[in-house]
Amino acid sequence: MEPVDDQKPSKEDARALHANVELAEELGAHVVTVYGDDLALQIAQYALSGTISKTVIGSSENSRKRTLPFLPPRESVGSRLAKLSCTADVVVIADRHEARPTSSRPLTARFKPTRTDFAAAFLALVGATTLGLLLHEAGLASSTVLAVYLMAVLLGSLKADSFFYSILVSPLAVVLFNYFFQMPRFTLTAYGLNYPFTFAFLFVTSMVVSSLTIRMRHEAQMNARKAYRTEVLLETEHRLQEANGVDSILSTTAEQVIKLLRTTVVIYQVSPSGRLLDPIPFASGNPDEDVTMTSLVGDDERAVAAWVAGNNKRAGKGTGTLMNTRCLYLSIRGKDTVVGVAGIVLADEDLDAFEKNLLLVMLDECGQAVERERSAEDAHRIRLKAEQESLRANLLRSISHDLRTPLTSISGDASILLSSADVLTDDKKRAIYTDIYEDALWLVNLVENLLVVTRLDNGTMTLKTEPELVEDVIREAFHHLNRKAALHDVRVEVDDPLLMAQMDGRLIMQVIINLVNNAVTYTPEGSRITVSARRAERGQQPGSMGLVAVSVADDGPGIAPADRTEIFTMFYKGKNVGSDARRGMGLGLALCKSIVEIHGGTIAVDALPEKERTSPDRPGTVITFTLPAVEYEADHAEAEQRAAAVAAGAYDEGGGA
Amino acid sequence: MTDAAEGHGAFTVLIVEDDNAVKSLIATALKVQGYRLLEAGTGGAALLEATTKNPDVIILDLGLPDADGIDLIRQVRTWSHTPIIVVSARTEDADKVAALDAGADDYLIKPFSVEELLARLRVATRRLAADSGTDRDGPVYENGDLRIDYAARTVTLAGEEVHLTPIEYKLLALLARNTGKVLTHNAILKEVWGNALASDLPSLRVFMATLRKKIERDPAHPAYLQTHVGIGYRMLRK
């Protein structure tokens, strides 16, 4: 417990306290500091708020001593604590050592004279005398003047710092009153018993008021400190919660420490495997500081930091271990492990107790936040891995199913040809050859899709995009369509042949192939399938680039609204399957979505607008995806000029244009 | 069967492929069409065949176990202009672009259909016939209805003059001089623009699109200017 008036404990007590705290920390205790004067009350309050079940306290001889002969003995801290604690058990352990005489700390502190005391006394007395003289001239009685002195003394004691003021001002007031106002005036002779009593009353009243004001001031100071501490800790906690990632947590902590101490801080992160990572210095921006960054990250400083990380004890300047460093090194601890080391640049004075305490709490919070963050990261990684595993399992299942079907036909057909070729008609044979060929082509497309899926899945897909003419990409995609597409009315509608988008041409070709093949599969022969592209505006974001929207529309039976969000999930197969029931892998559309999304675009499905439907029971399907557009107007003109300049430099400019 | 009538018996094709099934497939397809065949299963054997037997066309698989296909192309290119068609199983474009930049003329992606293979071969052999027949850098280029007069810097299509900007002309001339060969974007940019800045790629696209509009009767189904998405462009011989 930190006493309010900052008086430093005696050297012996300080050392004992330090040793005890170190021992406690070594044994894994969590050390907390509270502020106040009343030991028992503070402990009881903390116990209440902190869900403490057992309080253990040592009893010291002193508390049992009587302060004054006729006063009842002061209640020991232990028994008082027991009375105040309602939720916790209190265990009192007798102190083995002999009682040491403590300095009568409370009393002497309050008698130290300060400059304010002298000033207050001086002003009070001067003011009272002046006023008194005035009143006397005005003809008022001397008793009034005495009241003036009383008032002045009391006013002065509001400002006084210690009881010394009372001791100083009371006799002086009496003397002055006697000298200036009491008959015979301007002499120091006193008549009667008045003066001793006046003096006594003046003294006592001013002492009482002084002590009240002193206590009030100390309490105000203590409250201010508590408030500041709470504010800093709350702010730290708030900022730590908002921080994203271990690095952010550590840098936020460093900033808060700098705010508190205004000195440069160096943070070392300790990896989960226990290795000390490179230091990150945080400059305080304090012009009074005399420090160079390089001196703080030298090898000897690092060695101390490493020692702290390994031994979980403080070291460096101001401690008893490895003292010849620029910084004080403290470990940042989570619940079980050291997650970092903080190096605080110390000027020559040590940190004051209040600040040191706040610092420790902050580092504590930091450590816990880092541990939490690491656990969250671990959990996330594990979850991601599990998702990937389940995706992979699904993929394998689906692959084996969907590969087996066409392979069965191929091998079956081939075996028929091998065994019964002579009894088959030419037409029949031709039909079988065609089936084998188509099955093989279908497998080719499937493998293409799978390759892309596995690359996307592994995260090894590095998207290499280039500006491509949309029409070119669509036309090349048409070379790889399912053969059955020839039985449908497939057309391209791109009104601007110069429409360009940023894309990986091969991937987007795969998207178009999948979408058109899908339309071919799920619509009856002869249906119209249109691939179109146009410019579209991006949403409400200002200054954003335009988009190119590519649509694959068919006038077939359409997709039920309920299914529209589902069709892009992997392995989903619609309920209304077309005539080729075995063709659905459910992979194609999900892959399209993935590809479009890594290009930064969106994909959506809708029905045909009313006027484009061929019949009311065929609402059709329109799948539209977007890609970032590439502006070309300006480029074109500039490029022409630039190239013309190059050409002019190298060749004669002849005709031909 | 106009191909047979063109006398394919004259052309020797070297197949460099380590997978026996694919090798025999290609061999069968080509033999039926009347090509003469040489086979090699490794890079070393390929070089040997190429230097000693001097084939007319080389079909090279980029996935050879003992040699880097790109290196092989460079080596062959040090002494010969034999058309090289690379076959690649990988669907990424980078290896094909590298092969083309190293000197290959065309590419095929596995799995390919025999039709595609034969079509590519036809393009390569037509180029050979054209090259051997006419002076490659002659003053006039003729390809179906397309006629380029290099000296006068004029282009006519079925007799009518076509107006091209300087850049479009340079592009067309470059593709014409390399008819039948796939030119990568980088190669074109370097030749026409002087360097290959990525920022020039959209311009290249736009120029090719406008060129196509001017030269092709049906831009939707180009007869001369073939686009290879992600790779480059090629002038086809009619």
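**Note on the predicted model: chains A and B**

1. Helix 14 (residues 470-478) of chain A is mostly covered, with seven of its nine residues buried (under 20% relative accessible area, with a 1.4 Å probe and protein chains only). The buried set is A:Val470, A:Glu471, A:Asp472, A:Val473, A:Ile474, A:Glu476 and A:Ala477. Helices here are DSSP runs of H or I, at least four residues, and strands are runs of E, at least two, numbered from the N terminus.

2. On provenance: this is a predicted model, where local features need pLDDT of at least 70, side-chain atom pairs count only at pLDDT 80 or more, and totals for chains, interfaces and linings use all residues. Residues are numbered from 1 along each chain as its sequence is written, chains are lettered from A and ligands numbered from 1 in the order in which they are written, and side-chain values use heavy atoms, with hydrogens and water left out.

3. The largest nonpolar core has 54 residues. Such a core is a set of buried Ala, Val, Leu, Ile, Met, Phe, Trp, Tyr and Cys residues joined through side-chain atoms within 4.5 Å. A:Val470, A:Ile508, A:Ile512, A:Leu515, A:Val516 and A:Phe625 touch the most other members. Helix 15 (residues 505-522) of chain A gives the most to this core: ten residues.

4. Look at A:Leu515. Leaving out residues up to four places away in sequence, A:Leu515 touches A:Val552, A:Leu589, A:Cys592, A:Ile623 and A:Phe625 (contact: heavy atoms within 4.5 Å).

5. A:Glu537 lies in the loop between strand 11 (528-536) and strand 12 (547-554) of chain A. A:Glu537 is exposed, at 70% relative accessible area (exposed is over 50%). Its C-alpha atom is 5.7 Å from that of A:Leu547, ten residues apart along the chain.

6. Chain B contains nine helices and twelve strands. Of its 238 residues, 55% count as buried. Among contacts in chain B between residues at least 6 apart in sequence, 60% join residues at least 24 apart.

7. Now a helix pair in chain B. The axes of helix 7 (residues 166-177) and helix 8 (residues 185-193) of chain B come within 10 Å and cross at roughly 125°. On the helix 7 side, the contact is made by B:Ile167, B:Lys170, B:Leu171 and B:Leu174; on the helix 8 side, by B:Ile188, B:Glu191, B:Val192 and B:Trp193. These contact residues divide into six nonpolar, no polar and two charged.

Conventions
Axes are lines fitted to C-alpha atoms, for helices over the stretch in contact, and angles run from 0 to 180 degrees between N-to-C directions. Ala, Val, Leu, Ile, Met, Phe, Trp, Tyr, Cys and Pro count as nonpolar, Asp, Glu, Lys and Arg as charged, and the others, Gly among them, as polar.
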